[in-house]
Structure formats: structure tokens, C-alpha cells
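Hi,

Here's the structure I said I'd pass along. Have a look at it first, and then read my notes below.

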Amino acid sequence: MKDYNREYPLFSLCGLNCGLCPMHIGGYCPGCGGGEGHQSCGFIRCAVHRSGEPNGGVEYCHMCDEYPCERYAGVTEYDSFITHQNQLRNFERVKAMGIDAYRAELDERIGILRQLLDGYNDGRRKNLFCLAANLLDIEDLCAVMEQLHAEDEPGQSLKEKAALAAGLLSTTAKRRDIVLKLNKKPRQK
């Protein structure tokens, strides 16, 4: 939405972790309210319409008197290019720990994702790494990174490093009953 800007575009109005999105990482989207290139969004239109203010009046949907509204019906069932699976849970975490602590944790997740992409991506792992950074607990992500650094051997090919990282993340996810795959909406015939 034109002229819609946010102080921290890496955590969206609706509860998505934009900083962990492959579209944001690829430079195709600046994040929620990040300015030029920001996509049109029903949640933002609602916030702006309800408040009459250019930036929506509420910083996050969970602060609205009508949260959760009908916009959230079934929101976690299907994903877009970013997972929506923890969208509502993210707001519960914000309420429990406070926005500053949540942002600090999100920044830590973004740092881990950057490490994975810079050191372990063989060109085929970006979506897996983004999903893991979004869905796994921060403690599990940190443990995987420690194990990766411990098992990093000189002369190891990028393909071997990528396979090791993917294997550790997938094993951790499986132990937690988390599926590292986007839930795509079935195509209508």
C-alpha cells in the first residue's frame, strides 16, 4: 500500500516474520510496510481503513479490539511463499515476552538464517532454511548451528555442508513433529 511504512518491517502487522521470508531475502519485497516494492495487503487496508491513519493506527493486529477478526479464519491452514503456520502463535509469544524481546529473538533468527544461507546453501536450500528459521524453537536452531560448527571440516564441499545442515534441521523438526514444507492451497480445476 502506497505510503504505508513501519518502524520495524521485519515483523508484519498480521504476525508474519517477514525477515525470514524468501521473497524478502531475495530482494523482491521490503517486508511489511518497508516502502517501495511492498505488496498490497488486506490486513494493512483494514488497519488503515479502521483508523483513518496512513500507518493504520495499530502497530500489530493483536492490538486491535476486534482481534482475532474474520481475516484470521483459516489463516494458518495454507502458506504463501512464507509459512503462516506460526502466525497466531507469534502474537501469543509477543504478548508473553514483550515486543522488544520478540524482536531481539527474530533478529537472532535472521542472523542464524543468514549464516545458513551464506555457509550452507548449495542453491537448493533457501526455502528449507527459511521454514526451519520460522518454525523451529530458537533453542533448537542454536543447537543445530553449534553442531554444524562442530562438524565443519576443512575441505568439506558446499554440497556436503548443505546436506549436513538440511539433515540436522530436518531431524530436529521431525523430533518436534514439525514438517518443514509449505502448506500450499490446492489448485482449483
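A quick word on helices before the rest: here they are DSSP runs of H or I with at least four residues, numbered from the N terminus. Also, keep in mind that this is a predicted model.

Let's start with helix α4, which covers residues 99-120. A101 sits in this helix. It counts as partly exposed because its relative accessible area is 34%, between the 20% and 50% cut-offs. If you look for L148, you'll find it 47 residues from A101 in sequence and 26 Å away in space, C-alpha to C-alpha.

Now for the helix pairing. α4 and α7 (residues 158-175) have axes that come within 9 Å and cross at roughly 145°. On the α4 side, the contact involves L116, G119 and Y120, while α7 brings L158, K161, A162, A165 and L169. Six of the residues in this contact are nonpolar, one is polar and one is charged.

Two of those names come back in the largest nonpolar core, which has 51 residues: L116 and L169, along with F129, have the most contacts inside it. Helices α2, α3, α4, α5, α6 and α7 each supply at least two of its residues, and α4 gives the most, with eight. Leaving out residues up to four places away in sequence, L169 touches L116, F129, A132, L136, L141, V144 and L180.

N86 counts as buried because its relative accessibility is 13%, under the 20% cut-off. Beyond its sequence neighbours up to four places away, N86 touches N134 and L135.

Cheers

Conventions
Residues numbered from 1 in each chain as written. Predicted model: local features only at pLDDT ≥ 70, side-chain atom pairs only at ≥ 80, totals over all residues. Heavy atoms only, no water. Buried < 20%, exposed > 50% of the residue type's maximum accessible area, 1.4 Å probe, protein only. Contact = heavy atoms within 4.5 Å. Axes fitted to C-alpha atoms, helices over the stretch in contact; angles between N-to-C directions. Nonpolar A, V, L, I, M, F, W, Y, C, P; charged D, E, K, R; others polar. Core = buried A, V, L, I, M, F, W, Y, C linked by side-chain atoms within 4.5 Å.
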